[in-house]
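I opened my notebook today to look around a new protein model. Here is what I looked up, entry by entry.

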Amino acid sequence: MPGTASPFTDIARSRRSPRQFLPTALSPSDIRGVLEDARTAPSNSNTQPWTVHVVSGAARDALTKELLLAEEE
């Protein structure tokens, strides 16, 4: 029904799944290992549509601040 949200739609669109992360950073070798595993994972029609950016320190802090501001808006 166009223009009428269903109860499922309301629930699905309002759902949040926040994560709590440990305060300790991953080592560069752990990050490299995860990226190596991801690099060889299958993708739909071998399109591999992902792009990865790894940031830490001040760059990560600035990105976090911008993402939180964007979420508030």
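**Entry: a tryptophan in a loop.** I started with Trp50, which sits in the loop between α2 (28-39) and α3 (57-72). The model is a predicted one, so I treat each value here as computed from that prediction. Is Trp50 buried, partly exposed or exposed? I found a relative accessibility of 42%, so Trp50 counts as partly exposed, because that class runs between the 20% and 50% cut-offs.

**Entry: a nonpolar patch.** Next I asked which residues make a nonpolar surface patch together with Trp50.

**Entry: a serine in the loop.** I then moved along to Ser56, which is also placed in the loop between α2 and α3. Its relative accessible area is 56%, so I wrote Ser56 down as exposed; the cut-off for that word is over 50%. I also checked Ser56 against Ala25: they are 31 residues apart in sequence, yet their C-alpha atoms are 8.9 Å apart in space.

**Entry: the largest pocket.** Ala25 turned up again when I looked at the largest pocket. How many residues line this pocket? I counted 15, and those nearest its centre are Ala25, Leu26, Ile31, Val55 and Arg60. Two elements, α2 and α3, each give two or more residues to the lining. The space in the largest pocket comes to about 580 Å³. Sorted by class, its lining has 10 nonpolar residues, four polar ones and one charged one.

**Entry: salt bridges.** I looked for salt bridges and found two in the structure. One joins Arg60 to Asp61, with the closest N and O atoms 2.8 Å apart. Arg60 has 41% relative accessibility, so I marked it as partly exposed. Asp61 is partly exposed as well, at 45%.

In another salt bridge, the side chains of Arg39 and Glu36 meet, at 3.1 Å from N to O. Why are Arg39 and Glu36 about one helical turn apart? I see that they are three residues apart in helix α2, so about one helical turn separates them. Arg39 is partly exposed, with a relative accessible area of 48%, and Glu36 is partly exposed too, with 40%.

Technical notes. Residues numbered from 1 in each chain as written. Predicted model: local features only at pLDDT ≥ 70, side-chain atom pairs only at ≥ 80, totals over all residues. Heavy atoms only, no water. Patch = residues over 30% accessible without salt bridge, like charges linked within 9 Å, V, L, I, M, F, W, Y side chains within 5 Å. Areas by Shrake-Rupley, 256 points an atom, 1.4 Å probe, with all protein chains shown as cover. Salt bridge = Lys/Arg side-chain N within 4 Å of Asp/Glu carboxyl O. Helix = DSSP H or I, 4+ residues; strand = E, 2+ residues; numbered from the N terminus. Buried < 20%, exposed > 50% of the residue type's maximum accessible area, 1.4 Å probe, protein only. 1 Å grid on protein atoms, 1.4 Å probe; cavity = no way out; pocket = protein on both sides within 12 Å on 5 of 7 lines; lining within 4 Å. Points joined across faces, edges and corners; volume = space filled by probe spheres on them. Nonpolar A, V, L, I, M, F, W, Y, C, P; charged D, E, K, R; others polar.
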